[in-house]
Every structure is written in C-alpha cells, then in structure tokens.
Amino acid sequence: MSEVPTRATNRAGASPTDPSSPSIDARWKEEGTIPPPARFTAQANVRNPTIFERFSEERFPACFEEYARLLDWSTPWKTVLDTSHPPFWRWFEGGTLNASHNCVDRHLAERGDQPAMIFVPEDEAEAVQYIAYRELHQRVNEFAALLRDFAGLRRGDRVTFHLPMTPELPISMLAAARIGAVHCEVFGGFSGAACGTRIADSGSRVLVTMDGYSRNGRTIDHFANVEAAVRSAESMGQRVDKVLVWSRHPGRSLTTHPLKDGRDHRIEDLIGRYAGKRVDPEPMASTDPLFLMYTSGTTGKPKGCQHSTGGYLAYVTGTAKYVLDLKPEDIYWCTADIGWITGHSYVVYGPLAIGGTTVLYEGVPSYPDPSRSWRISERLGVNIFHTSPTLIRQLRKTAPEEPHRHGQKFRLMATVGEPIEPEVWRWFYDEVGKGEAAVVDTWWQTETGGFLCSTVPGIHPMKPGSAGPAVPGIFPVILDEDGRPIERGSGHAGIICIRNPWPGIMQTIWGDPHRFLEQYYSRFCRDEKSTDWRDWPYVTGDGAIQGADGYFRILGRLDDVIKVAGHRLGAKELESACLKVPEVAEAAAVPLADELKGRVPDIYISLKPGAPPAAEVAARVRSSIVELIGKVAAPQHVYVVDDMPKTRSGKIMRRVLAALSNGVDAGDTTTLVNPEIVASIRKVVAQAPRASPGLSAEALHKEVRDTE
Ligand code: WT7
C-alpha cells in the first residue's frame with residue numbers, strides 16, 4: 001500500500017517536478033496541499049485511515065467483500081475472485097443478484113416516498129419532476145413487462161438505447177436489468193450512423209429511443225436518427241425488428257418523421273397494457289453482463305466495454321459511498337450525460353444502489369445563462385455536485401462572479417474526465433464551493449467501471465491538479481517504456497498501470513476477447529500462462545507522474561485518443577469519417593489545445609487528383625464527421641494539404657501535423673521521405689484563424705507519438 005499523507009502540509013510548491021525530464025508536461029508546477037473543510041471531515045462516511053489497512057495488498061482480494069456486502073444478494077458468492085482465466089477475472093463467483101432490485105425494490109420499505117430522481121427539464125417554464133422510489137418501482141416494472149412481453153427480450157439479449165437525458169433513460173436501464181437483458185446506451189448526441197454501428201456490434205434487434213428533447217433552447221427531433229441507425233445496422237448485417245419510442249411529452253409529438261408501420265411503436269400507446277404489472281427481478285450471476293458501453297480506442301472500431309453485474313455494482317456502490325461520500329439523504333447532482341460511463345456509474349447505479357436522490361438535468365448546464373447550474377442547485381438543495389473541468393472552465397470564463405451571487409451550498413464537489421488546471425481548481429473551490437466543500441478529482445476510465453485515483457475526502461488533503469493517491473484496494477504503478485517501475489518522487493513520468501484486478505474492471509470487449517487482452521494486458525504481462533494476478537498489470541494508456549507524497553498527476557493519453565470536453569474520440573474514427581468523402585485521399589486527425597474543451601480535433605486531408613475546390617471538400621469532410629460520429633467531434637480546422645508528412649514506410653507522421661496545429665517546433669523531420677512538405681503545410685495552417693494557445697511541446701510529445 002502506498003503511504004499517503006493524512007495531515008495537510010500546505011506548503012506551496014512542495015516537491016516541484018524535475019523540469020529537465022523531457023517527458024513531463026510541465027505546464028504547471030506541483031501544488032501544495034489543502035485540508036478539506038473540517039465541517040466536511042466531521043460528517044464523512046469514512047474518516048478513519050484504517051480503511052487503507054482493511055484494503056491493504058495483504059487483504060486483497062477479500063477486502064472487496066466490504067463493497068459486495070453493501071448489496072442484496074439472492075445467493076451469496078462462493079469465491080471472491082476467480083483468476084483461473086486471466087485476464088478474464090471473475091468477481092464474487094457463485095453469487096446471484098439483480099441490479100434493478102438493488103437500485104429500486106430494496107429501498108421501498110424505508111424510503112418509498114423519498115425521491116429517487118429529480119428531473120429538471122431544460123425549459124425553466126416546465127415543472128421539475130420528483131420521482132419517488134415507489135413510482136420508480138412502478139415505472140420500471142411496467143417497462144420491464146413491455147420489454148419482455150411485447151419486445152420479446154430475454155435474459156442475455158442485448159438491447160440498444162439511443163436516449164437523451166430524461167427519466168426514461170434510467171427507467172429503461174433498470175427495466176432491462178430487471179429481466180437480465182444487457183443494455184447498450186448510445187450517447188443521445190451521437191449520430192444515427194454511430195448508433196447503428198453499435199446496434200450491429202452488440203447484436204441488438206430492439207432499439208429504444210425518444211421522439212425529441214430540448215437542448216440549448218432548441219427542440220431536437222431525435223427520432224430523425226432512427227432511419228440512419230437502422231440502415232447502418234442493417235448494412236452490417238443486423239436487423240432491427242422493433243423500435244420503441246418514448247414520448248418526451250405524451251400526447252404531443254416532437255418528431256416530424258412518420259413512424260414506420262410494424263417496426264416503430266410509441267411506448268405511450270403500449271404501456272397502458274402493463275399498468276400495475278410486476279416483473280420479478282431475474283437473479284443474475286454476479287459475472288453476467290449488466291451493460292455494454294462503447295468507447296473509442298486506437299483503432300477505428302469502437303469497443304464495447306462489457307461490465308458485470310455483481311463486481312461492477314459493488315464497486316460503484318462502494319466508491320460512491322467512500323469517495324463521493326454519498327448518503328441516502330443527499331441531493332446529488334452529476335452533470336454527466338448517462339450516455340457516458342460517468343452517468344452509468346455515478347448518475348444511475350451508484351447513487352440509486354445507495355438509496356440517494358440523483359438529479360437528472362435534460363439540457364446544457366449553461367443554458368439559458370451561466371447561472372443556471374447555481375439556480376438548479378439552490379432550488380433543489382443539491383449538496384453534492386459532480387461535473388467536468390470543461391464546464392468549470394467555461395463558467396469561470398463567462399461568469400466568474402456568478403456563483404457568489406447564488407445560494408448553492410455544497411459539501412462535496414467532484415470533477416472527472418480530464419485534468420483540471422490548479423487555477424481553475426481554485427476558482428471552483430473558492431467561488432463555487434465557497435471554501436466549504438471538499439473537492440475530489442477522480443481519475444478513471446470507461447473500462448474501469450469506477451474510480452481508480454482520487455483522494456478519500458474524509459481522510460486526505462486535496463492537491464489542485466493531482467487526482468490523488470489510489471482509492472482503497474487499487475495498487476497503481478508507473479512503468480517506463482521497458483516495463484520498469486518508476487519511483488515515486490523521481491520527477492519522471494511513465495505509463496500508469498494497475499497491478500491488481502478490482503471488481504469494477506470491464507470483463508472483456510464484447511465479441512473480441514483477443515483485442516481485450518492485446519489492448520490492456522499484453523504489453524507488460526510477465527507470463528501469459530500465469531494465473532497469478534500479479535503477472536497481469538492493467539495498462540490504462542495514460543501518462544502520469546507520482547509525487548513523493550504518493551499523489552498521481554495524470555498527464556493525458558498516450559495513444560491515438562483525443563479528449564474533447566472529457567469525451568474520448570479515436571483519431572482513427574475521425575480519419576475514417578474523412579475518408580468517407582470520396583475525393584479525400586488521406587486524412588489525419590490531431591489534438592489542438594482548446595481553452596475550454598481541453599482539446600479539439602484538427603483535421604488534415606489531401607485530395608485525389610481532379611477533386612473539386614478545397615473549401616468544398618473541407619465542408620463535406622466536416623459534415624461527414626458530424627454525421628458519422630456526432631457534433632462532439634466537429635473539428636476546429638480542416639486543412640487541405642498537398643501531401644502528408646510521411647515516413648519511409650508511408651506512415652503519416654501525426655506528430656509533425658500536431659506540432660504545426662499547435663504552433664510548436666515540428667522537431668526532427670529528417671526521417672521523413674518528404675521533409676519539404678512541412679513548410680508548405682505550415683503555410684496552409686498560418687492562413688487559418690487560430691485562437692488556440694497551442695499545446696506545449698512536452699504535452700505534444702506525449703499525446704501524439706508515432707511508431708515508425
Ligand atoms: C480518460 C478516460 C472517467 C470517466 C469519464 C471519462 C482521462 C479521466 C481524469 C482526471 C485527468 C482524466 C484519462 C482517461 N481522465 N479522468 N480526473 N484527470 N485525466 O472516461 O471517456 O473512458 O476517458 O479520461 O485520460 O484515460 P473515458
């Protein structure tokens with residue numbers, strides 16, 4: 001177990017990192033620590049550091065029974081961790097449980113009338129909806145009956161959801177979980193085509209969607225995506241027999257597109273048949289999949305991260321309790337969309353398993369003005385606020401004085417998804433939290449199910465810009481390129497890996513176990529025949545540096561993933577969307593630093609001979625990206641260039657393009673076959689308007705690496 005300070009040191013600039021190390025992103029120096037407010041610590045779920053003795057390496061894996069015991073099991077587990085087929089770990093083997101029962105039914109006796117969810121429509125004129133556990137129970141049962149009896153879904157079947165942020169999304173998830181169907185929610189902002197790829201990969205024959213919703217003051221005709229989704233799934237060999245459509249406002253349709261006879265069904269027309277129906281929660285094996293969550297990786301194809309029922313639910317419940325300090329009486333608001341893992345783990349499953357009240361907000365947190373979040377928090381009495389550095393940066397920039405004018409009162413605030421700059425952290429702490437809220441910076445991934453590094457707020461001091469030490473039961477190690485551990489406090493960065501399995505880790509990539517092994521375990525596996533977990537470190541793909549105090553600073557991705565406003569986009573996915581435009585010969589996507597979103601994609605394309613004017617193709621490339629992936633992926637620039645910088649083997653050197661985009665030295669270009677192209681590309685870039693401050697050379701070096 002790594003030692004972590006339990007007392008505040010509060011020394012500014014303690015153990016500065018070594019600026020001579022070439023691989024460090026030294027945009028800010030390491031900060032001193034700040035103790036969480038005493039009022040917070042006094043009431044925290046966990047304030048005794050002996051938790052780290054209970055979760056010591058000697059007590060692994062049995063320590064995680066503490067999390068499993070937070071749940072109701074229909075059959076107790078026999079083996080805590082089965083390692084017989086690494087790296088396909090099996091947690092709480094032999095146990096059976098149901099996630100819907102754990103998030104709904106078991107709370108009825110004690111808090112049937114307490115709101116499980118509070119839904120805040122984007123339009124402020126529309127009433128806020130309080131959904132008590134009892135009502136949630138009824139709605140989940142009725143929809144579960146519909147999924148089973150009308151859509152014919154059975155345990156183990158996959159069902160794709162393309163749903164926006166309304167109560168129907170968690171209701172659908174819990175209904176699927178109730179009958180043992182594996183839900184695959186696709187972020188509502190993704191395009192129909194992107195949804196179709198995921199329908200096909202998961203093998204879903206049922207799609208659940210909604211007619212429309214509000215976003216940024218506009219009504220989105222969401223049903224309009226269905227045709228493209230079904231067509232794209234069918235072109236990949238997956239037929240969709242039934243599309244079930246929730247109505248955002250029953251009785252008033254928000255789509256102008258006609259429903260297709262025999263295939264599309266309005267849920268409001270069917271649900272009456274199931275009024276008052278009860279569906280017994282299906283007892284699922286702990287190791288049965290609960291859901292798939294697609295995420296971008298180094299290749300073009302999104303990966304379906306398969307999460308388990310028992311291990312996953314236990315892990316998100318335990319971490320929500322200890323790291324988010326969630327209690328049943330809290331009003332907790334996490335601004336993440338449920339279409340991402342943060343929403344699954346920490347809007348739906350963790351908070352509801354604890355019996356808390358989770359706030360669901362339909363729209364953009366800065367709509368219609370930057371005080372919206374503070375108004376919602378004040379009116380609802382939100383006391384735990386969980387959000388992204390992107391939103392914090394934006395609100396700090398547009399309305400830095402606003403939080404102080406409002407009566408929001410948080411006792412804990414959490415950030416997730418990207419590193420937060422110390423100045424931004426401080427504004428969040430002083431202005432939003434008014435110095436009264438503990439802050440946790442939680443580092444983890446879609447693959448990991450729940451938090452990996454963060455301070456435990458009742459125990460550890462906070463350090464702006466550092467996620468913190470590992471959370472209980474997680475044993476990280478930073479390895480260099482050759483797999484040698486890097487000492488803490490050495491000032492050197494490396495690849496952060498987790499030495500041990502934990503219950504929240506994904507089980508596999510859906511349909512592609514080989515890729516799972518390759519992507520996350522092969523690189524540093526000591527012996528592929530070994531069934532000892534110690535031989536199988538999990539490779540996160542992030543660069544990190546560990547301070548002498550054991551705190552980790554996460555420096556960003558080491559693979560071809562671009563993080564836009566905390567959302568993961570694969571460079572390959574962006575490039576293949578560009579290549580869908582027939583005139584495009586070659587494409588490269590690189591990260592450009594963005595003041596608010598962290599990174600945005602910059603696109604370089606070269607054209608086939610005889611192509612129409614460059615501006616026209618560039619515009620088509622932009623729409624192809626938006627159509628195939630979604631608006632989140634819209635590039636800052638599309639540069640049309642004569643040729644790409646290439647190695648002798650013909651590989652495009654993204655690193656050179658990224659340097660040009662960000663206005664830093666392109667470094668050594670002598671290994672290129674066409675070094676002369678660099679000057680001509682630089683000219684193209686110089687002609688475009690550029691607001692970005694650019695990435696530092698160090699950050700670039702880490703984030704964009706080319707293997708030659
Ligand atoms: C990647 C995972 C974690 C759920 C939401 C995003 C980056 C995540 C932090 C943080 C610095 C962070 C990492 C990670 N990241 N949290 N607190 N500090 N970086 O999940 O889309 O799977 O992205 O997000 O690079 O690998 P995801």
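How many of the nine residues of helix H13 (residues 372-380) are buried? The points below take up this question and then turn to other parts of the structure.

1. Helix H13. Seven of the nine residues of H13 are buried, so this helix is largely enclosed by the rest of the structure. Buried here means under 20% relative accessible area, exposed means over 50%, and partly exposed lies in between, with a 1.4 Å probe and protein chains only. The buried residues of H13 are Arg372, Ser373, Trp374, Arg375, Ile376, Ser377 and Leu380. Gly381 follows H13 and has a positive phi, near 70 degrees. Helices (H or I, at least four residues) and strands (E, at least two) are DSSP runs, numbered from the N terminus.

2. Basis of the note. The model is predicted: local features need pLDDT of at least 70, side-chain atom pairs count only at pLDDT 80 or more, and totals for chains, interfaces and linings use all residues. Residues are numbered from 1 along each chain as its sequence is written, and side-chain values use heavy atoms, with hydrogens and water left out.

3. Helix H12. In H12, 14 of the 14 residues are buried, so the helix is largely enclosed by the rest of the structure.

4. An oxygen atom of the ligand is 2.7 Å from a polar side-chain atom of Arg557. For Lys563, a polar side-chain atom lies 2.8 Å from an oxygen atom of the ligand. A polar backbone atom of Gly417 is 3.1 Å from a nitrogen atom of the ligand. The ligand taken alone exposes 550 Å², and the protein buries 96% of that. Such accessible areas come from the Shrake-Rupley method with a 1.4 Å probe; for residues, only the protein chains shown count as cover.

5. The second largest pocket. This pocket holds about 580 Å³ of space. Its lining has 25 residues, of which Thr298, Arg523, Leu558, Asp559 and Asp560 lie nearest its centre. On a 1 Å grid over the protein atoms alone, a pocket is an open set of points where a 1.4 Å probe fits, with protein on both sides within 12 Å along at least five of seven lines; lining residues have an atom within 4 Å of a point. Helix H16 (513-520) and strand S24 (538-546) each supply at least two residues of the lining. The largest share of the lining, four residues, comes from S24. By class, the lining divides into five nonpolar, seven polar and 13 charged residues.

6. Asp535. This residue is placed in the loop between H16 and S24. Asp535 counts as buried because its relative accessibility is 17%. Its side chain makes a polar contact (2.5 Å) with the side chain of Ser530.

7. Cis peptide bonds. The bond from Tyr367 to Pro368 is cis, with omega near 0 degrees. Pro368 lies in the loop between strand S17 (357-361) and H13. The bond from Pro86 to Pro87 is also cis, with omega near -5 degrees, and Pro87 lies in the loop between strand S1 (79-82) and strand S2 (90-93).

8. Phe92, in strand S2, has a positive phi of about 55 degrees although it is not a glycine. At 0% relative accessibility, Phe92 counts as buried. Asp325, in the loop between helix H11 (310-322) and strand S16 (331-334), has a positive phi near 55 degrees. Asp325 counts as buried at 1% relative accessibility.

Notes. A polar contact is a pair of N or O atoms within 3.5 Å; within protein, one must be able to donate a hydrogen and the other to accept it, and residues adjacent in sequence count only if both atoms are side-chain atoms. Grid points are joined across faces, edges and corners, and a volume is the space filled by probe spheres set on the points. Ala, Val, Leu, Ile, Met, Phe, Trp, Tyr, Cys and Pro count as nonpolar, Asp, Glu, Lys and Arg as charged, and the others, Gly among them, as polar.
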